[in-house]
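Subject: Handing over a structure

Hi,

Here is the structure I promised to pass on to you. Have a look at it first, and then read on for what I found in it.

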Amino acid sequence: MKTKRIFAPLTSEGIKKLETGDEVLLSGIIYTARDAAHQRMTKNLKKLPFDLKGQIIYYTGPTPPPPGKIIGSCGPTTSYRMDPYTPSLLKLGLKGTIGKGERSQEVKEAIKRYSAVYFIAFGGCGALYSQFIKKTTLIAYLDLGCESILKLEVEDFPLLVGIDACGRDIYQQQKT
Amino acid sequence: MRKISAEKIIAVISRLCIQSNCQINEDLITSLKHARGKEQGRARMVLASILKNIKIAQREKLPVCQDTGMAIVFLEIGDKLKIDLGEFLSLSALVQEGVRRGYQSGYLRKSIVEPLSRVNTEDNTPAIIREKIVAGNRLKIKLLIKGFGAENMAKTSMLRPDAGEAGIKRFTLDSVKKAGSHPCPPMVIGIGIGGTMQKAVSLAEEALLEPVKSKRAYFRGCPGLKSKIKRLEEELLREINQLNIGPAGLGGETTALSVKIKTFPTHIAGLPVAVNISCWANRHQEIIL
């Protein structure tokens, strides 16, 4: 299988070319948000810390950067905890999420309805993923510490397509 | 009486926090490499990434995983050892200071919050401390790092006394199936059987400290139990690895790297069972002072 290079923010045409199981290398801007940031964002959807249109959210809370490093360890956290919040963000134009593990039926349907994509990264590989992050900017919720929202500039970040815009699920494929 | 200073204990615990988070034990690496050799396709790709990650973490002195967990400190304190507390009020305060320094100086993530307000304690304390007094003049410190992607999948059940091995197996397999792709498989599984609910849970956690391949005395003075447990561990590992959850939940033969069981006598009316699940990165270190 050929690895596809993709760029964030995502475009509708770009998303349509992605199929579940594809290996991709992602470059561009993505945003971190995990449990507490999702709770806060969805409390007031009119006042979000960044415009969601076309963007990708990475479910991660990195370790602090040691001196001389851009970021610490930065792998995916378990996605299902974000499931209750994801459909409302997709409705507002969010196009991609990155995490690990299966998603709920509601999220799968929302991904299909809003023509989005769910990428998976491998859990427990935070040191490896830190190598593909070129720049970080703290943009919101500073008080949340490791759960603050960071804007990340990534280059050739390796991912798998977990759920494509047609709603096909990599975890279901391996079960059948 | 042999003496040990507060500073010594603090420095050791601080170092153990950093080591546990940045290094994976050899027995686990061997087991991961063995699994990589057996797998094909995506399962192999996941295991290769995990092994590459371990190398990068060691080279770059970075934590293996961004979830640097909740620290659990097991202390075995010799009854003939005197601990010089210095300015500290208790041994527990010393341990917390060690964890605090380790997480701060090691650039580890501070993930501990008050449970209801969700306010972060900012230094990853409190660690959970489990202490026991033993004969001798040594201090044994074991540190287990528990990431919560896996901890969230832990389960306990008060089975019927007649549930037997079949009941224990069913409950374990069911817990692993429910955990599925979430806890970063391949998992390391600790099972506690017997005692009270609390005891079973403690045993399951302690079982995670066992080496992946271990030969140990399970229960002195009770012949037959050792081989019975060993057989149950092997059967469970085999059956779990037939579930096709696989590395990262993407299918394969390696759903678990190891299953370890610890038992304790229980009441005639019950059979408590606890299943503690660790991600592949079962991080623990120990030292004897």
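Strand E5 (residues 139-146) of chain B pairs with E10(B) over six bridges, in the antiparallel sense. If you want a residue pair to find your way by, B:Ile141 sits opposite B:Ile287 of E10(B). Please keep in mind that this is a predicted model.

These two strands belong to an open sheet of four strands in chain B, with the order E4-E2-E5-E10 and mixed pairing. At the edges are strand E4 (128-134) and strand E10 (283-288) of chain B, each of which pairs on one side only. Averaged over the sheet and ignoring direction, neighbouring strands are turned by 10° against each other.

Next, a helix pair in chain B. Helix H6 (residues 164-179) packs against helix H8 (residues 225-240) at an angle of about 35°, and their axes are 11 Å apart. The crossing of H6(B) and H8(B) is right-handed. On the H6(B) side, the contact is made by B:Glu165, B:Lys169, B:Thr172, B:Leu173 and B:Val176, while H8(B) brings B:Leu232, B:Leu236, B:Glu239 and B:Ile240.

B:Gly41 is part of helix H3 (residues 41-60) of chain B. Is B:Gly41 buried or exposed? B:Gly41 counts as exposed because it has 12 other C-beta atoms within 10 Å, and a residue is called exposed at 12 or fewer. Although B:Gly41 and B:Gly251 are 210 residues apart along the chain, 9.5 Å separates their C-alpha atoms.

Now to where the two chains meet. In chain A, 31 residues are in contact with 35 residues of chain B. Helix H5 (126-130) and helix H6 (170-175) of chain A are the elements that give two or more residues to the side of chain A that touches chain B. H5(A) provides the largest share of that side, with four residues. The residues on this side of chain A comprise 13 nonpolar, 16 polar and two charged.

Finally, an annotation. In an unreviewed entry, UniProt places the feature "domain: Fe-S hydro-lyase tartrate dehydratase beta-type catalytic" at residues 9-173 of chain A. In the model, this span is 23% helix and 27% strand, and its end C-alpha atoms lie 27 Å apart.

Best wishes

How values were computed
Residues are numbered from 1 along each chain as its sequence is written. Chains are lettered from A and ligands numbered from 1 in the order in which they are written. This is a predicted model: local features need pLDDT of at least 70, side-chain atom pairs count only at pLDDT 80 or more; totals for chains, interfaces and linings use all residues. UniProt positions are given in the numbering used here, feature names are shortened, and annotations may be inferred rather than shown by experiment. Two residues are in contact if their C-beta atoms, placed from the backbone, lie within 7 Å. Ala, Val, Leu, Ile, Met, Phe, Trp, Tyr, Cys and Pro count as nonpolar, Asp, Glu, Lys and Arg as charged, and the others, Gly among them, as polar. Two strands pair if DSSP finds at least two bridges between them. Axes are lines fitted to C-alpha atoms, for helices over the stretch in contact, and angles run from 0 to 180 degrees between N-to-C directions. A crossing is left-handed if the near helix is turned anticlockwise from the far one by less than a right angle, and right-handed if clockwise. A residue is buried if 20 or more other C-beta atoms lie within 10 Å of its own, exposed if 12 or fewer, and partly exposed in between; C-beta atoms are placed from the backbone.
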